Every structure is written in C-alpha cells, then in structure tokens.
Amino acid sequence: MVELSVNGRAHSVDVPERTPLLWALRDELGLLAAKYGCGLEQCGACSVLVDGVVQPSCRLPVSDVAGLEVTTLEALREQPDGRRVVEALVAANAGQCGYCLPGIAVTLTWLVRRSPVAWEEALRALDDHLCRCGSHPRILRVARQLLAAGSGDPPAEPA
Amino acid sequence: MTGPARPGGAVPALTEDGRLVAGEDEPRRRVLGSLVGHPEVDRWVDLAVEGRVRVRTGKVELGQGIRTALALLAAEELGVDPALVDVVPASTDAAPDEGFTAGSRSVEQSGVAVRQACAHARRLLVERAAARLGVPADRLTADDGVVRGPDGPSVSYWELAAEGPFHFRVTEPAPLRPAAEHRYVGRGMRRLDLAAKISGAPAYVADLRLPGMRFARVVRPRRRGARLTSAPPATAGGADVVCKGSFVAVVADSEARAASAAAELAATLDWTDPPPFPAGAADPGYMARHVVASYPVADGIARDEPPPPRPAPSAGGGAVLRARFTKPFLLHGSIGPSAAVALADDGRLTVWTHSQGIGFLRRALAPLVGLAVDRITVHHLDGAGCYGHNGADDAACDAALVAVAHPGRPVSLRWSRDDEHGHEPMGAAMAIELEAGLDARGRIATWCQEIRTYRHNSRPIPQPSGTRLLAGWSLDPAVERSRATPMLDFEAGGHRNGTPAYRLPTSWIVKHDVDDGTALRTSALRGLGAPANVFAIESFVEELAEAAGADPVQFRLDHLDDPRARAVIEAAVEMAGGLEAPGGLDAPGRGLGFAQYEGSMTYAAVVVELEVDPRTAVVHLRHAWMAADAGEVIDPDGLTNQLEGGLVQAASWALLEQVRLDEDGVASRDWESYPILRFGQVPEIETQLLDHPGTPPLGAGEASCGPTVAAIANAFYQHTGVRVRDLPLDPARVRVSLDALL
Ligand code: FES
Ligand code: FES
C-alpha cells in the first residue's frame with residue numbers, strides 16, 4: 001500500500017512502490033487527464049503538479065510522492081487560474097488533436113501562478129512539451145496573453 | 001477463416017489514399033460527394049431528437065476539425081444554430097462507408113454530401129410544411145429550425161420530422177444557400193471537440209473505460225521479422241501471456257501491470273536471428289539498386305509503359321543544370337502511441353479504434369481473427385493526431401487478437417513509445433534527380449526529372465491474399481505480408497507534385513518504384529511524395545533562376561500562367577516585404593516555396609526567414625509568411641490551424657527529422673534520437689487566406705508542407721550561399737556545409 005495525496009484527498013493505492021505515478025492516477029484513481037505519451041520524461045503529456053511544481057509523472061515512482069501533494073488537471077480546471085488557462089486555450093482553438101494539451105495546460109497554470117515570469121523561462125517550461133500537430137503558434141499566443149494578464153507587464157515578444 | 005473478405009454494402013469508389021477514382025461518375029461526385037453510393041438523406045441527417053440535428057459521416061476526426069466543419073455546413077444549409085448539430089462518431093454499424101479519411105478529402109467528399117443532404121432535408125421539410133399549413137412551398141421560409149408562412153403560421157422542423165423518415169434518395173443536387181446569405185460558413189466557430197480534450201476529459205480511445213476492462217501490451221523481438229524459438233510461459237509478472245505463433249502480448253488488470261509484465265517477459269524470450277534489416281535503405285545508391293519498375297509520368301498520371309526517350313537537355317541552347325535532392329525516412333510520430341479497445345463476446349467482435357478507415361479495417365481483421373465480416377463492428381474513437389497511416393490499424397489488430405484469446409472482457413491495448421517509433425510504417429525515403437536546360441532568353445526549355453521512391457501506401461486494404469496488418473505476419477501459420485503497391489493514379493504516391501506547375505516546353509518525368517523486398521515498411525505520411533518533390537522542384541527553380549540571372553520571384557511568375565498560383569506567390573512575398581531581409585551583410589536569409597497541392601487543390605506560398613548560429617550550426621527560424629487559396633473558405637480558423645500546423649510539422653522535417661536505421665530495424669526509438677521541433681524553435685507565422693466563394697472548398701492539411709520545406713532550403717542558401725540538397729538541415733549537416741565554405 002502506498003499513501004498518496006491527490007487533488008486534496010488521501011488515497012491508499014495497492015501498487016508496487018516503483019509504479020510510475022501516471023499509472024497510479026489512471027489505473028487506480030481513474031484520473032485520465034494526464035496522458036501517456038512516451039513514458040520517458042521526454043514529451044510532457046503526463047504532466048502534473050507535485051507540491052505545486054510541474055513534473056512529468058510517467059517515471060516518477062509513487063513511493064517518491066508519498067507525503068507530497070499531487071495536483072492533476074482535474075483539480076486545476078476547477079480552480080480560477082486553471083480554469084482561465086483552459087478557457088483561453090479553448091477560446092483560441094489552440095490545438096488540433098489536443099493530445100498534448102492537458103499537459104500543456106498544467107504547465108501554463110503553473111506559470112500563471114508564478115507570474116511574473118520571464119518569457120525566456122516560460123518558453124523553457126513549454127519546451128518540455130512536444131506537440132506533433134504544430135499547434136505551437138496558437139499555444140504561444142495564448143501563453144503570452146495569460147502571462148501578460150497575470151503580471152500586468154506584457155512579456156517581450158520572443159526573438 | 002472466412003472467404004475472401006467482401007463486405008455487404010457499397011465499396012466507395014476511392015483510391016487507396018481516399019481520393020476519388022477518376023471515372024464516369026466523377027462529375028456527379030463533385031456536386032454530390034459521398035452521396036454517390038450512399039444517396040439516402042436519412043443516412044446522413046436526422047431530426048429524431050427534439051431540438052437536435054444528428055449528422056452521420058464516414059469520415060473521422062483526426063484533429064483536423066472535420067466534425068466542426070460538417071456541423072457548420074449542416075447548420076448553414078438546414079438553417080439551425082451550429083450548436084444544435086451533433087456529428088455522430090463513425091461506426092461500421094451506422095455511418096456511410098466513406099473509405100479512408102485522408103488526403104484532405106473530407107470536406108470534398110463528406111462535406112459536400114452533408115451539405116447536399118441537408119439542403120434536400122430542408123427542401124423536404126418545406127414540402128411537408130406546405131402540405132400542413134396549406135401554403136405553397138415557394139412562399140415559405142425555413143430558418144432557425146422553423147418553417148414560416150408569409151403571414152404568421154409556422155411549424156418547427158422537429159414537428160415536421162415527427163412525420164417519419166424522409167425516404168428520399170438524392171440523385172440531383174439541390175440548390176445551396178447563396179454565399180451572400182451565409183451566416184455560419186466562412187465565419188468559423190469553436191471546435192466542437194476541443195473543450196473536452198483540452199480540459200483533460202476522457203476523449204481518446206486509450207481513455208475508454210468499460211466494466212471488467214483489462215489492459216494489454218505487445219512484446220516484440222529486437223530484430224524485425226524474428227520468430228519465437230520456444231513457447232513463452234502462460235503467465236509473466238502477474239499478467240496472462242497471449243501467444244499466437246510469434247505474436248506475443250500480455251494482458252493484466254491494470255495498465256501499469258501490463259507495462260511492467262511486458263518488460264519482464266521481453267527479457268526472457270528467445271527469438272530467431274533473421275537476416276539483417278537494410279540499415280542503408282535511405283541511401284540513394286541503395287534505392288537505385290532496388291528499383292523494380294519505372295513509369296513515365298504524363299499529365300500527373302504514371303503510366304505502366306516504357307518511358308519515352310529522354311530529351312537532350314541542351315536543346316534550348318542555354319545553360320544546363322543538374323542536381324539530386326534526397327529526403328530520408330520520416331516518422332508520423334504521434335504524441336500518443338497507437339491504442340485500441342476490443343471485446344470478443346458470443347462470437348462477435350467489437351473494436352474501438354482511431355483508424356482512418358474503419359470499414360477497411362473491419363474487412364482486414366476478419367480473416368485474422370477467424371470471424372465473418374458481419375460479426376465485427378468497428379467504432380471510431382479519437383486518437384492523437386496521426387498525419388497518415390501510423391500504427392492505429394496494427395494496434396487495433398493486436399487488441400482484437402488478445403480479445404479473441406480472452407473473450408468476455410474488454411481489452412485496452414496500447415503501444416509503447418518504443419513500439420510506435422520502432423514499428424509504425426515510415427514515411428517513404430525519396431531521391432529526386434533533376435536536369436534542366438535554359439533557352440537563349442533564360443527561360444526553361446527542357447526539364448527532366450527522375451523520382452526514386454519507396455511506396456507511399458500500405459494501408460490495410462483487404463488483399464486477395466496476405467495481409468497488411470503487422471500482427472498477421474507473426475501468426476502461425478504466418479499470413480503472408482501483402483506488400484504495398486505502387487500508386488499510378490493522378491498525382492498519387494511518389495509522383496504527387498512531381499509535375500512542376502511551371503510552363504515547360506519539353507518535360508520528361510519518370511517515377512522509379514523502389515521495393516527491396518525486406519522487412520522495411522513504408523506508408524502514407526502527410527503529403528506523400530509532395531513535400532520531397534516540391535523541395536526539389538522549388539530549390540532547382542531557384543538554381544535555374546540564378547543561372548539565368550533572374551530574380552527568383554519574377555522567374556517563377558514568368559513561368560506561371562495560372563492567376564491563382566501567381567496570386568499566392570505575390571501575396572506571400574508582399575506580406576514579407578520582399579525576399580531581402582533588412583540588416584545588410586548580417587541579415588537573416590529569406591526564401592520562397594510554392595506549390596498547388598496535388599496540382600489541383602490548395603495553392604500555398606510560404607516565405608521563411610532564418611538565421612544560422614555559426615557556433616552551434618543550428619538553424620533558427622524567425623518568421624514565416626504564408627498565403628493560401630483553398631477555394632471557398634468554410635471555416636477560416638480551422639483552415640489557418642491546418643495550414644500553420646502543416647508549416648510547423650514541415651519545418652520540423654526540414655530541420656531535424658531522419659529515421660536512423662540499423663541491422664535490427666529502426667534505431668531512433670525515442671524523442672531524443674528522433675527529435676522534433678520544440679516551442680522555442682517555432683517561427684512567428686502570419687497567414688493570409690485568399691477566399692474564393694463559389695469555388696469548391698479544398699482541403700489544406702498538406703498544402704503548406706512542401707512549400708515550407710522548400711522555403712527553408714532556399715532561405716538557407718540565401719543566408720549562407722550553400723545549397724543543401726539533402727534533408728534534414730540538422731546541425732551535423734549544416735556544420736559540414738559551413739565548413740565547406742572555409
Ligand atoms: S509521457 Fe511522460 S513525458 Fe512523455
Ligand atoms: S495538438 Fe496534437 S499533439 Fe498537440
């Protein structure tokens with residue numbers, strides 16, 4: 001049994017300690033917003049917050065997050081900043097297949113919470129996410145809007 | 001086993017990549033789309049649910065926004081709010097069989113059909129209202145879900161629909177609403193499916209949860225084509241092992257367990273040592289040695305006859321140039337690996353898949369699972385974007401085999417990242433040799449083009465014998481692999497965009513079909529042969545312009561008669577403010593690329609601005625300006641999204657992508673060894689749509705790809721003075737080019 005705190009609730013999950021958090025979320029808790037993309041910490045599709053910090057969940061052993069607070073998009077989208085991120089992406093049709101977007105929405109919410117952040121830093125965080133559909137231009141536009149609104153200080157256009 | 005798979009119902013007259021077969025009913029297909037073959041209005045649209053309109057389509061959502069485009073068209077013709085339209089996911093039980101969703105043909109086929117079916121439905125509703133209200137039909141109007149008479153009396157669509165199905169078969173087109181009256185078409189709307197996807201609601205096949213569900217993974221040999229030497233254990237790592245010949249999978253109660261059991265089992269299995277995989281298969285010399293047939297291409301069609309004699313390049317009396325361009329194998333590289341759910345129960349099989357062709361898949365599955373076609377139902381559910389024929393169908397077959405071995409409980413099977421990179425059918429490598437001669441005035445006089453290409457289509461069309469579904473080749477007895485066939489139709493496969501749009505007094509184009517008979521597998525990837533051909537042609541045209549001492553834009557315009565082609569080129573160049581970037585000697589480079597996709601569809605011109613970091617040899621894209629003419633614009637936002645997505649993906653191909661092969665198969669099996677473009681590498685993009693209301697709406701998913709690759713190569717040349725003719729322009733190659741300058 002591993003004790004997990006996810007989205008503000010305590011859970012005991014009956015999985016081996018080395019089980020990646022992603023599978024505990026999807027298999028045991030039925031939380032499907034975090035997606036499997038690579039299982040290699042290379043694409044960002046599985047991103048969640050661990051104690052408020054964005055992290056890929058696909059290789060993170062559940063035993064490593066015991067005692068820490070895990071937050072998935074299911075909870076973020078119910079909170080004002082997460083909802084704002086999701087709504088801004090939806091309003092901009094900022095996706096094609098959409099598969100990369102739950103992970104990106106987690107990162108954007110994390111950035112909005114920490115804003116003001118330098119645009120370079122925001123780009124570095126987004127660079128942990130792959131999108132194969134080429135939805136980048138729209139996602140970047142939304143990111144700029146969100147971060148400008150969050151800081152009151154519009155980030156510089158990327159070079 | 002069943003007999004040769006032959007379904008009930010009409011097989012759509014489509015080519016293997018989902019295009020219309022040029023034939024006697026082609027003019028009718030242009031105005032009726034897929035209603036030809038599926039003429040019943042009731043099959044496409046019904047108003048059975050109060051206040052809602054249900055639209056059925058055989059085309060599937062691939063992330064291109066087809067559901068939204070169809071909802072807009074239905075709403076416009078019927079006269080209802082688009083929010084009231086539900087586009088039902090395709091299923092072999094209910095939807096019209098429209099073959100593959102591919103090649104940007106969805107609007108042309110399904111869109112036209114939905115539009116016509118809804119125009120007829122509106123006409124039929126008005127007729128019913130006329131009878132009911134006692135008012136002549138021509139004095140009634142139908143809008144906002146209500147048919148109204150001139151002075152007051154009205155009746156809702158749903159009251160009229162309650163009289164029963166229309167029972168009407170479309171043979172002639174109905175008049176469509178004139179463009180000037182459009183309220184939804186051309187305006188765009190929020191994508192119907194994106195809110196759920198972005199917010200992380202279950203939306204994909206791999207998110208489907210059914211009672212009693214089990215989870216499966218496939219276990220594969222390291223070397224492609226290896227067979228098991230001894231039977232695996234019945235269980236491994238807490239999972240049941242499924243073994244049929246050399247097809248091995250594990251099935252467990254959770255996805256975590258399936259993944260860990262697959263890894264555990266893989267370490268214990270013994271496999272044969274098949275002949276080495278052709279690691280050098282992308283090498284142009286290797287390709288030239290494995291040409292199995294050569295076809296002359298005339299008017300865009302490859303002909304099964306000996307090529308005519310090659311014209312002398314110097315006939316025009318001016319300079320003669322020669323060059324060879326190559327494109328490596330590419331991956332589709334879906335962000336979500338292929339997945340499927342299958343349930344075998346009571347002699348029936350139900351499959352949920354993100355395949356692009358559920359009707360074909362159903363027929364291809366039947367012999368492999370030993371069921372009659374009519375015992376199988378295939379439902380489409382969305383997957384991650386596929387950009388062509390990826391592992392979707394193979395994963396569905398894998399899931400079906402596991403489900404049949406463990407009937408009674410649904411099985412959710414998912415490929416790993418290693419499976420997807422290592423086993424999806426690759427986009428074909430190509431090598432294009434060009435030779436052209438100018439005349440005394442500096443115009444192109446002769447043009448010779450040889451296209452060497454692996455095949456671009458091994459979609460799982462049911463074959464007279466054998467199968468194209470991956471797992472079939474591992475069964476015992478193995479079902480023979482049915483190899484891809486060369487595509488000869490208009491602008492198909494490797495000769496797609498292999499015919500320049502430019503005026504060429506003498507041209508000689510030959511397609512060489514390459515097949516080495518090995519375990520190599522290639523299939524349709526976004527644009528098929530077009531991106532490589534456009535890269536070659538548009539690079540070479542600039543080389544010729546330079547030889548002629550002409551401006552590259554003017555040189556193109558001097559060889560183009562089609563005003564729509566000229567218009568996109570002029571628009572893109574004007575958006576960029578010319579092909580000279582400001583900044584003097586240190587200025588970034590700019591380059592242009594142009595094509596009309598498939599010689600008959602969307603026109604696109606792209607100007608790219610880039611810089612090269614001499615220290616890292618990394619190419620940085622700064623800006624891209626794009627002008628496109630996709631005929632009548634149905635959904636401008638969706639069109640822009642597709643065009644810009646194609647631009648970004650093509651930029652990724654051009655700068656980074658190349659499958660690495662070794663003696664086992666694909667060696668680049670993750671995102672580090674097969675990198676793709678990241679956020680920080682994406683240029684600022686500006687897009688302009690040149691709308692042509694009243695002309696047929698054209699798909700645009702592939703139109704920007706070739707022009708983008710070409711624009712990057714041309715900009716690199718302008719910036720560095722080095723002409724790169726082999727893709728990608730990754731740091732290793734750029735470094736070699738820059739060193740050559742010293
Ligand atoms: S699935 Fe975790 S980073 Fe790709
Ligand atoms: S929208 Fe498809 S991967 Fe990003």
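Modeller: We shall discuss aromatic rings, salt bridges and helix pairs in this predicted model.

Biologist: How is a pair of aromatic rings described?

Modeller: A pair of aromatic rings is described by the distance of the centres and the angle of the planes. Over all chains, this structure holds seven aromatic pairs. In one of them, the ring centres of Tyr157(B) and Trp158(B) are 6.0 Å apart and the planes stand at 35°, so the pair is tilted.

Biologist: Are Tyr157(B) and Trp158(B) buried or exposed?

Modeller: Tyr157(B) and Trp158(B) are both buried.

Biologist: Which residue lies over the face of Trp110(A), and which lies over the face of Phe168(B)?

Modeller: Over the face of Trp110(A) lies Arg114(A), at 4.3 Å from the ring centre. In chain B, Arg123(B) lies over the face of Phe168(B), at 4.8 Å from the ring centre.

Biologist: Where do Asp207(B) and Arg26(A) lie?

Modeller: Asp207(B) lies in the loop between helix H6 (194-198) and strand S7 (214-219) of chain B, while Arg26(A) is in helix H1 (residues 21-28) of chain A, so the pair joins two chains. Asp207(B) is buried, with a relative accessible area of 5%. Arg26(A) also counts as buried, at 1% relative accessibility.

Biologist: Which residue forms a salt bridge with Arg443(B)?

Modeller: The partner of Arg443(B) is Asp558(B), and their closest N and O atoms are 3.8 Å apart. Arg443(B) is placed in the loop between strand S18 (430-439) and strand S19 (444-453) of chain B, and Asp558(B) in helix H13 (residues 552-558) of chain B; the pair therefore ties together parts that are 115 residues apart in sequence. Arg443(B) is partly exposed, with a relative accessible area of 25%. Asp558(B) likewise counts as partly exposed, at 25% relative accessibility.

Biologist: How far apart are the closest N and O atoms of Glu450(B) and Arg452(B)?

Modeller: They are 3.7 Å apart, and the two residues form a salt bridge. Glu450(B) has a relative accessible area of 12% and is buried. For Arg452(B) the relative accessible area is 13%, and this residue is buried as well.

Biologist: Which residues are linked in a network of salt bridges?

Modeller: The network links Glu61(B), Arg67(B), Arg191(B), Asp193(B), Lys197(B) and Asp382(B).

Biologist: At what angle do H15(B) and H16(B) pack?

Modeller: Helix H15 (residues 636-656) and helix H16 (residues 705-720) of chain B pack at an angle of about 45°, and their axes are 8 Å apart. H15(B) is therefore oblique to H16(B). The crossing of H15(B) and H16(B) is right-handed.

Technical notes. Residues are numbered from 1 along each chain as its sequence is written. Chains are lettered from A and ligands numbered from 1 in the order in which they are written. This is a predicted model: local features need pLDDT of at least 70, side-chain atom pairs count only at pLDDT 80 or more; totals for chains, interfaces and linings use all residues. Side-chain values use heavy atoms; hydrogens and water are left out. Rings of Phe, Tyr and Trp (its six-membered ring) pair if their centres lie within 6.5 Å; planes under 30 degrees apart count as stacked, over 60 as edge-to-face and the rest as tilted. Buried means under 20% relative accessible area, exposed over 50%, partly exposed in between (1.4 Å probe, protein chains only). A charge sits over a ring if NZ of Lys or CZ of Arg is within 6 Å of the ring centre and within 35 degrees of the ring normal. Helices (H or I, at least four residues) and strands (E, at least two) are DSSP runs, numbered from the N terminus. A salt bridge is a side-chain nitrogen of Lys or Arg within 4 Å of a carboxyl oxygen of Asp or Glu. Axes are lines fitted to C-alpha atoms, for helices over the stretch in contact, and angles run from 0 to 180 degrees between N-to-C directions. Angles under 35 degrees count as roughly parallel, over 145 as roughly antiparallel, 65 to 115 as roughly perpendicular and the rest as oblique. A crossing is left-handed if the near helix is turned anticlockwise from the far one by less than a right angle, and right-handed if clockwise.
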